[in-house]
2 protein chains.
Amino acid sequence: MDFTSETVITSADKTYIQLRNDIVEGRIAAGTKLSEVELSTNYSVSRAVIREAINRLMACHLVERKANVGARVVTLSPEGLEQLYQVRESLEGMAARLAAKNMTDTEVQNLQQLLDAHFDKQVQAGESYYQEAGDVDFHYRIIQGSKNQHLISVLVNGLYHLVRMYRVQLGMAGPRVTTAFDEHLHIVKAIANRDEELAEILMRRHILYSKNNIQTKLLNHSNL
Amino acid sequence: MDFTSETVITSADKTYIQLRNDIVEGRIAAGTKLSEVELSTNYSVSRAVIREAINRLMACHLVERKANVGARVVTLSPEGLEQLYQVRESLEGMAARLAAKNMTDTEVQNLQQLLDAHFDKQVQAGESYYQEAGDVDFHYRIIQGSKNQHLISVLVNGLYHLVRMYRVQLGMAGPRVTTAFDEHLHIVKAIANRDEELAEILMRRHILYSKNNIQTKLLNHSNL
DNA sequence: CTTCTTTATATTGTCGACAAAGTTTAGCTT
DNA sequence: AAGCTAAACTTTGTCGACAATATAAAGAAG
């Protein structure tokens with residue numbers, strides 16, 4: 001779940017993470033106005049803490065704020081999804097390429113073991129288990145494997161929460177879960193072979209598929 | 001200068017921009033500890049607005065903060081430059097491709113006129129004029145031309161200030177200014193021809209050259 | 001009755017003070 | 001004298017109150 005294993009120290013940290021999860025997982029609906037006083041009573045902290053949390057949420061594009069007016073949770077739209085995945089495809093493709101170059105041998109082995117474990121659970125649970133958590137974990141490790149601090153930050157702190165928001169709020173269970181596993185397998189194989197170019201291509205394609213999958217869901221749920 | 005033409009409303013906005021410029025342009029040296037009380041007296045605002053400004057500076061990677069300890073201006077390093085330009089190459093290459101696809105004809109014309117104006121000033125001032133401001137303006141328009149909100153935000157609000165910091169603090173005047181103009185010319189031509197693939201390739205190459213140029217400067221200034 | 005103005009209300013922006021955590025200095029023990 | 005402990009100090013984190021701005025409501029003019 002908390003795939004970043006964030007080190008929480010201050011009250012603002014906690015509040016930020018709580019608020020973020022409540023937004024990503026839809027307990028605070030998209031488009032909702034965020035009242036500072038209301039939130040400060042709900043989360044039992046001062047307005048200063050809420051304001052800091054909101055500022056961080058702005059940084060990862062989960063809320064937007066107008067001066068002297070207030071902050072709103074972003075709204076999800078087909079165009080927003082398209083643009084988000086365009087950027088994601090480019091950046092994660094790059095991450096896969098860099099991972100093929102920079103991951104240590106043991107990191108690659110651990111990644112393979114992760115997939116093995118997922119495979120076991122998958123057959124055990126009737127091949128519908130493999131989804132959100134495992135997928136996020138997989139991508140997270142490759143991003144970290146790039147060893148590029150800016151790339152890691154932009155993806156993990158910047159875009160991924162919004163990606164999760166789209167996926168969670170559109171209900172991520174579907175026929176794609178099994179095929180995604182195979183794609184992961186091929187990506188890891190490319191990384192293990194240190195084939196940078198192939199790793200990037202496969203990752204880009206994997207994300208493109210993922211986007212198409214979500215977009216069809218988005219059309220079915222016509223409520224956007 | 002203020003290539004984003006940011007709409008300043010609150011006191012925190014102003015303070016953020018001031019602080020950002022002071023950091024980017026080296027008046028606050030890289031690595032400096034940022035004391036909240038000291039800054040609040042220097043900029044004549046309360047600690048609350050300083051804290052908000054620092055939070056925004058964290059979001060664009062110009063300062064780092066440890067809880068209960070404080071914030072420091074980032075330090076510049078060859079590795080940091082390398083990683084920054086890796087990401088920049090990928091994202092701006094994508095921006096050029098999208099710009100070739102999405103810019104309106106009039107936007108493309110305006111871009112060409114911009115280059116013409118730069119060319120005039122360049123010959124007039126003895127071909128050493130073309131630098132920082134013009135370059136930033138050029139790149140800024142292409143980024144905007146991508147019409148991808150996430151891409152725009154990550155680049156303009158996220159990475160560009162740090163790019164500027166590297167360039168400013170290493171002294172950006174040099175033999176490259178003239179050749180860079182030709183590269184810009186070719187990029188615009190590719191965009192005008194709606195050649196997405198070429199636009200991306202040329203932009204990536206342009207940024208790669210730019211990185212190499214800065215890296216050599218960084219080696220000469222051995223003070224890093 | 002509609003529209004504009006003005007007043008009232010609610011929300012955000014800013015501030016100074018208190019609490020908590022970290023850092024330095026002084027004193028004690030070995 | 002060196003190293004550890006504890007107290008004093010400095011800095012950050014949090015809070016409640018006040019000021020400024022925007023929204024909503026009430027009243028006046030047409």
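Q: How many salt bridges are there between chain B and chain A?

A: Start with the general idea. Side chains of opposite charge can pair when their charged atoms come close. The rule asks for a side-chain nitrogen of Lys or Arg within 4 Å of a carboxyl oxygen of Asp or Glu. Between chain B and chain A the count is two salt bridges. One pair is R51(B) with E52(A), where the closest N and O atoms are 3.4 Å apart.

Q: What should I know about the model before going on?

A: This is a predicted model: local features need pLDDT of at least 70, side-chain atom pairs count only at pLDDT 80 or more, and totals for chains, interfaces and linings use all residues. Residues are numbered from 1 along each chain as its sequence is written, chains are lettered from A and ligands numbered from 1 in the order in which they are written, and side-chain values use heavy atoms, with hydrogens and water left out.

Q: What is the count of salt bridges over all chains?

A: By this rule it comes to 37. One of them lies within chain A: R51(A) pairs with E36(A), with the closest N and O atoms 3.0 Å apart. That pair links distant parts of the chain. R51(A) sits in helix 3 (residues 47-59) of chain A, and E36(A) in helix 2 (residues 36-42) of chain A, 15 residues apart. Helices here are DSSP runs of H or I with at least four residues, strands are runs of E with at least two, and both are numbered from the N terminus.

Q: How many residues of chain B are in contact with chain A?

A: Contact means heavy atoms within 4.5 Å. By that test, 30 residues of chain B touch 30 residues of chain A. The two chains bury about 2,300 Å² between them, 58% of it on carbon and sulfur atoms. Buried area is the accessible area (1.4 Å probe) that two parts lose on being put together, summed over both. Q83(B), V87(B) and H150(B) supply 23% of the area that chain B buries against chain A, more than any other three residues.

Q: How many residue pairs are in polar contact across this interface?

A: A polar contact is a pair of N or O atoms within 3.5 Å; within protein, one must be able to donate a hydrogen and the other to accept it, and residues adjacent in sequence count only if both atoms are side-chain atoms. Across the interface of chain B and chain A, the rule finds 13 residue pairs, with both residues at pLDDT 80 or more.

Q: Which helix of chain B gives the most to the side that touches chain A?

A: Helix 3 (47-59), helix 4 (78-102) and helix 7 (149-169) of chain B each supply at least two residues of that side. Helix 4 of chain B gives the most, with 10 residues.

Q: In what order do the strands of the chain B sheet lie?

A: Two strands pair if DSSP finds at least two bridges between them. In chain B, three strands form an open sheet in the order 1-3-2, with antiparallel pairing. Strand 1 (33-34) and strand 2 of chain B are the edge strands, and each pairs on one side only. Strand 2 (residues 63-66) and strand 3 (residues 70-73) of chain B pair over four bridges. E64(B) stands opposite R72(B) there, and V63(B) has V73(B) as its bridge partner.

Q: Where does a positive phi occur in the chain B hairpin?

A: The hairpin of strand 2 and strand 3 of chain B has three residues between the strands. N68(B) takes a positive phi near 65°.
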